[in-house]
Amino acid sequence: MIAIGSLPYVLLFHGILTRGVKQCLSTFMLWLALDVVILTALIQQNGNYLVYVVFTIGTLFVNIALILKKQFEWDYFDIFVVVLVFICIRIFYVSGPYGATIATTAALTIAALPQLRSTWREPEKTPTLPYFLFFLASLLAVILAKEWSVPERLPQTSSMIFCLIMVIVSLRKTSFKLSGI
């Protein structure tokens, strides 16, 4: 799972720096903040957190690549998601890691919408293979979970569904290659 979860970040990092792959910096910045919150919440609950260790580190590296390539867009929706990040942090401090896991999972999904919108508009600029590998890593995390509970399966299932949607939307390209990078 670590290798499958790390490989898409390597592909994205390399693609952004060398091949002009486009991703939404605001989405990845917000994902990084939310990944830290959900990782902390899952660790505190002894939940299924390994995939989020990989996601947090990988998202950090993608952010670095996007900043180096000056891929920056920001709009009102991104400001809305920043507010959600702060709400999730507040929920974490008020209700603890369980409530934060639920709120942050929802916020992660909402934070992904700018990237989904970008993929819908220009599917040829979205690398399909990394999102397929994110889907597989999330699927493995769901399958390997110890039990059916919020800390064990909710964030991983949400990630799995979103990544599958990204794969499907990105396949609207004129050529149906899985590489995309």
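Mentor: A residue is called buried when its relative accessible area is under 20%, exposed when it is over 50%, and partly exposed in between, using a 1.4 Å probe and protein chains only. Helices are DSSP runs of H or I with at least four residues, strands are runs of E with at least two, and both are numbered from the N terminus. This is a predicted model, in which local features need pLDDT of at least 70 and side-chain atom pairs count only at pLDDT 80 or more, while totals for chains, interfaces and linings use all residues. Residues are numbered from 1 along each chain as its sequence is written, and side-chain values use heavy atoms, with hydrogens and water left out.

The part to look at is helix 5, residues 97-111. The buried residues in helix 5 are G99, A100, T101, A103, T104, T105, A107, L108 and A111. Their cover includes helix 2 (25-44), helix 3 (50-68), helix 4 (76-95), helix 6 (113-121) and helix 8. Contact here means heavy atoms within 4.5 Å.

Next comes the length. The expected span of a helix is 1.5 Å times one less than its number of residues. Helix 5 has 15 residues and should therefore span 21 Å; its end C-alpha atoms are 20 Å apart, which agrees.

Helix 5 packs against helix 8 (residues 150-170) at an angle of about 5°, and their axes are 9 Å apart. Helix 5 is therefore roughly parallel to helix 8. Axes are lines fitted to C-alpha atoms, for helices over the stretch in contact, and angles run from 0 to 180 degrees between N-to-C directions. Angles under 35 degrees count as roughly parallel, over 145 as roughly antiparallel, 65 to 115 as roughly perpendicular and the rest as oblique.

On the helix 5 side, Y98, T101, I102, T105 and T109 take part, meeting V150, P151, L154, P155 and S158 of helix 8. The residues of this contact divide into six nonpolar, four polar and no charged. Ala, Val, Leu, Ile, Met, Phe, Trp, Tyr, Cys and Pro count as nonpolar, Asp, Glu, Lys and Arg as charged, and the others, Gly among them, as polar.

N48 is buried, with a relative accessible area of 12%.

Last, confidence: pLDDT is the predictor's confidence in each residue, from 0 to 100. The protein has a mean pLDDT of 87, with 94% of its residues at 70 or more. Helix 8 has the highest confidence, at 94, and helix 4 the lowest, at a mean of 83.
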